[in-house]
Amino acid sequence: MRIAVFSTRPYDRRFLEEANGRSGHVLDFIEARLGPGTAPLARGADAVCAFVNDALNRATLAALADAGVGLVALRCAGFNNVDLAAAEALGIRVARVPAYSPHAVAEHTVALILALNRKIHRAYARVREGNFALDGLLGFDLRGRTVGVVGVGKIGIEFARIMRGFGCTLIGADPAPDPEFAAIGGRIVDFPELLRGADIVSLHCPLTPATRHLIDAEAVAAMRPGVMLINTSRGAVVDTKAAIDGLKSGRIGHLGLDVYEEEGDLFFEDLSDQVIRDDVFARLLTFPNVLITGHQAFFTEEAMRAIADTTIANVDGFARTGRALHEVSVDKLA
Ligand code: NAI
């Protein structure tokens with residue numbers, strides 16, 4: 001099969017070429033993001049391989065169908081950027097990588113928590129400047145703190161396991177939680193109770209119409225004063241303006257983000273010599289108690305290898321039977 005790989009970075013190329021060794025598909029690597037304007041670049045391809053910020057809306061999908069593409073193979077778990085109804089209507093199958101390394105994301109979540117709590121980002125800069133003062137670096141023991149896990153799925157449960165190791169009390173909110181959560185001492189509560197009870201709130205739910213702006217002004221007001229909020233799920237689960245207001249009022253004591261609702265114009269690019277035009281993002285960067293990484297939680301050797309293997313397996317399945325291994329369809333959005 002011919003696969004047009006959009007949003008390609010050198011690391012995508014390396015892992016996909018390795019995974020494709022035995023299958024022998026033809027891989028066309030395209031740096032551009034996939035959208036209505038770039039979709040015609042896929043002409044002649046049987047499948048496109050897309051990533052988190054590619055815009056697979058109706059217009060893009062129509063252009064892909066026109067170009068002869070029959071499969072969208074997402075090299076990520078989330079599929080909020082795909083209009084599944086349009087794909088179905090156009091006869092395009094959509095596949096994803098449902099699980100690659102939940103550990104990668106869970107461990108990065110913990111990295112954000114530890115760095116924010118012990119102010120590692122500030123200490124690193126201070127020590128390099130010869131400033132060894134401790135003022136402003138006061139943290140807290142994680143042991144005995146209550147951690148609220150929003151979305152107790154594959155990543156949420158791994159995160160919960162790690163936090164249990166720190167001696168934290170675990171509460172979770174999820175309409176269909178991993179049953180393992182209770183076995184490790186976690187307690188499922190409703191969302192308002194989680195907000196009231198957690199010292200650290202960590203988001204691990206998918207972005208759906210129901211979870212868009214789940215953390216809004218009302219949710220921020222319901223959280224414990226000084227709460228630590230961590231988002232490694234999808235940016236739009238948090239209303240960024242509400243989070244900024246929460247930081248200004250002190251209700252949010254620490255904010256750790258690996259994702260941002262308008263990240264499509266920023267992340268995965270080197271913009272270091274450009275002016276950031278997103279004022280909301282720029283405001284976030286001014287807070288000493290905010291730590292942002294650019295959607296890198298998934299980015300480990302193990303995860304990249306697993307993503308590439310599953311992506312190629314999806315295309316192999318499609319080539320053999322007309323169906324990919326891990327397809328998503330409209331009913332998954334419910
Ligand atoms: P999963 O499907 O195993 O778990 C998600 C859980 O969220 C499920 O148990 C589901 O019942 C729950 N959920 C759904 N709606 C909810 C709601 N309204 N409130 C609370 N819980 C709700 O998915 P997995 O693999 O754990 O991934 C979670 C999310 O993490 C993905 O959808 C993706 O958006 C994000 N992600 C981020 C990455 C990064 O690099 N930052 C990498 C991989 C995933």
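Predicted model: local features only at pLDDT ≥ 70, side-chain atom pairs only at ≥ 80, totals over all residues.

User: Okay, start with α4 and α6. At what angle do their axes cross?

Analyst: The axes of helix α4, residues 102-118, and helix α6, residues 154-165, come within 8 Å and cross at roughly 50 degrees.

User: Which hand does the crossing of α4 and α6 have, left or right?

Analyst: It is right-handed, as α4 passes α6.

User: And which residues meet there?

Analyst: From α4 the residues are Pro-102, His-103, Val-105, Ala-106, Glu-107, Thr-109, Val-110 and Ile-113, and in α6 they meet Lys-154, Ile-155, Glu-158, Phe-159, Ile-162 and Met-163. Sorted by class, this contact of α4 with α6 has nine nonpolar, two polar and three charged residues.

User: What about α1 and α12, how do they cross?

Analyst: Helix α1, residues 10-19, and helix α12, residues 301-321, have axes that come within 8 Å and cross at roughly 55 degrees. That makes α1 oblique to α12, and the crossing of these two helices is right-handed.

User: Which residues make that contact, and how many of them are charged?

Analyst: On the α1 side the contact is made by Tyr-11, Asp-12, Arg-14, Phe-15, Leu-16, Glu-18 and Ala-19, while α12 contributes Glu-301, Met-304, Arg-305, Ala-308, Asp-309, Thr-311 and Ile-312. By class, the contact of α1 with α12 has six charged residues, together with seven nonpolar and one polar.

User: Switching to the loops, where is Ser-101?

Analyst: Ser-101 lies in the loop between β5, residues 93-95, and α4. The side chain of Ser-101 reaches the backbone nitrogen of Ala-104 at 3.0 Å.

User: Is Ser-101 buried or exposed?

Analyst: Ser-101 counts as buried, because its relative accessibility is 10% and the cut-off for buried is under 20%.

User: Now Thr-38. Where is it, and what does it touch?

Analyst: Thr-38 is found in the loop between β2 (26-29) and β3 (47-50). Leaving aside residues up to four places away in sequence, Thr-38 touches Phe-6, Ala-32 and Arg-33.

User: Buried or exposed, for Thr-38?

Analyst: With a relative accessibility of 19%, Thr-38 counts as buried.

User: How far is Thr-38 from Ala-319?

Analyst: The C-alpha atoms of Thr-38 and Ala-319 are 24 Å apart in space, and the two residues are 281 apart in sequence.

User: Last topic, backbone angles. What is the phi of His-213?

Analyst: His-213 has a positive phi of about 55 degrees although it is not a glycine. For context, most residues other than glycine have a negative phi. His-213 sits in the loop between β9 (200-203) and α9 (217-222), and with a relative accessible area of 28% it is partly exposed.

User: And what is phi for Phe-268, and where is that residue?

Analyst: Phi of Phe-268 is near 70 degrees, which is a positive value in a residue other than glycine. Phe-268 is found in the loop between β11 (252-257) and α11 (279-284), and it is partly exposed, with a relative accessible area of 23%.

Notes
Residues numbered from 1 in each chain as written. Heavy atoms only, no water. Axes fitted to C-alpha atoms, helices over the stretch in contact; angles between N-to-C directions. Helix = DSSP H or I, 4+ residues; strand = E, 2+ residues; numbered from the N terminus. Left-handed = near helix turned anticlockwise from the far one by under 90°. Contact = heavy atoms within 4.5 Å. Nonpolar A, V, L, I, M, F, W, Y, C, P; charged D, E, K, R; others polar. Buried < 20%, exposed > 50% of the residue type's maximum accessible area, 1.4 Å probe, protein only. Parallel < 35°, antiparallel > 145°, perpendicular 65-115°, else oblique. Polar contact = N/O pair within 3.5 Å; in protein donor to acceptor, adjacent residues only side chain to side chain.
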